[in-house]
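Dear colleague,

Please find below the structure that I promised to pass on to you.

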Amino acid sequence: MIESPILHAASLVQSLTAQLAERYSSAIEGYPPQHYISELIATRTYGGYSLLPAVFSAASAEIELMVGLEGMELYHKLVIAILIAHFGERCMQERVPDSIVLQYEVEFRRILAQFDTNISGFYVHGNDLFSKDLAICRGKLIPCGAELIDKFSGVPRRIALCGGVSQLSAVLRFFTARSRGFRPFYEMHMDPRARREFTPKGWDCCYLRIADLLEMNAQIKGVFGSSWWYDPQVERITPRIGYLRRRPLENGARIFRMGSDEAAIKNSTSFSRQRKEQYEKGEYLPTNYAMIWARSDLLHWARQVRAEGIQA
């Protein structure tokens, strides 16, 4: 039988605590992990997933000065292990669908397996992958398969100004009639470690899990994400990933232009020879578009899909 990641984490808490006490006693005595974990759990409000309580960031910096990078990373591993070990308690207090609980188990196993790789410099605040893992463990990001969902977010109002007068009018109509406000929305974030889920089925399952969340959280107005793959030009150049744009668009979502930047160019051209060639020829400029799917439209789609026997 495969060991539960929560039980595995609990055993790791003991061994990591012993290691810190033996090698870096000043860190664990001066900075009791449970104090900072309480701050991490309490601070899950609006703002990016890498935004951490000032007291935790300051403690991490002081620990690194005291015991070095290795000691600080060991401390961060202990923080993650404690968060996972107590997930069951938090799950009982919050409304978490069964489909999401299963995804947490998948992510927790991956995160704990990462402990054994001994990659120096991974467990630091400047590493986006560590920030995502910590956000999952503290409940800021919700794992849904193909995407991670920020549970405290809102659509940026600047979207109304990114596509000219026609987009301004369309944005105002949408947020007045369909979603009735810019927040709260779930916000999607891509994790490169989840690329295996980038299939039509994988994305459908992701959206069905988001629907499960919406059904339990009536205050959330819908879900949104911003990416180069929502650009209408992408389907022309790379038809095989056209489903990323079509699935929500054909089922009530709206897509609005956000603009081009270095990240959009890099991310679009890194994994496609065709897109890179057209960009270099000046025939294609990778551009971010925001996809916004109002809760009523997403839930309507989910009911239709489930009626066909498809589950997350």
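The model contains an open sheet of 6 strands in the order β1-β2-β3-β4-β6-β5, with mixed pairing, where two strands pair if DSSP finds at least two bridges between them. Strands β1 (141-143) and β5 (254-259) stand at the edges with a single partner strand each, so one side of each has no neighbour in the sheet. Direction ignored, neighbouring strands of this sheet are turned against each other by 30 degrees on average; angles run from 0 to 180 degrees between N-to-C directions, and axes are lines fitted to C-alpha atoms, for helices over the stretch in contact. Helices (H or I, at least four residues) and strands (E, at least two) are DSSP runs, numbered from the N terminus.

Please keep in mind that this is a predicted model, in which local features need pLDDT of at least 70 and side-chain atom pairs count only at pLDDT 80 or more, while totals for chains, interfaces and linings use all residues. Residues are numbered from 1 along each chain as its sequence is written, and side-chain values use heavy atoms, with hydrogens and water left out.

Within the sheet, strand β2 (residues 148-153) pairs with β3 in the antiparallel sense over 4 bridges, and S153 has F185 in β3 as its bridge partner. Strand β3 (residues 185-189) is joined to β4 by 2 bridges, and these two strands run parallel; here Y186 stands opposite V223 in β4. Between β3 and β4 the chain passes through helix α9 (residues 200-216), and this β-α-β crossover is right-handed, which is to say that, with the strands pointing away from the viewer, the path from the first strand over the helix to the second runs clockwise. Of the 6 residues of β4 (residues 222-227), 5 are buried (under 20% relative accessible area, with exposed over 50% and partly exposed in between, for a 1.4 Å probe and protein chains only), so β4 is largely enclosed by the rest of the structure.

Helix α14 (residues 295-307) lies across β4 and β6, and runs at about 75 degrees to β6.

Finally, E3, in the segment before α1 (5-23), is partly exposed, with a relative accessible area of 45%. Leaving aside neighbours within four places in sequence, E3 is in contact (heavy atoms within 4.5 Å) with H8 and R109.

With best regards
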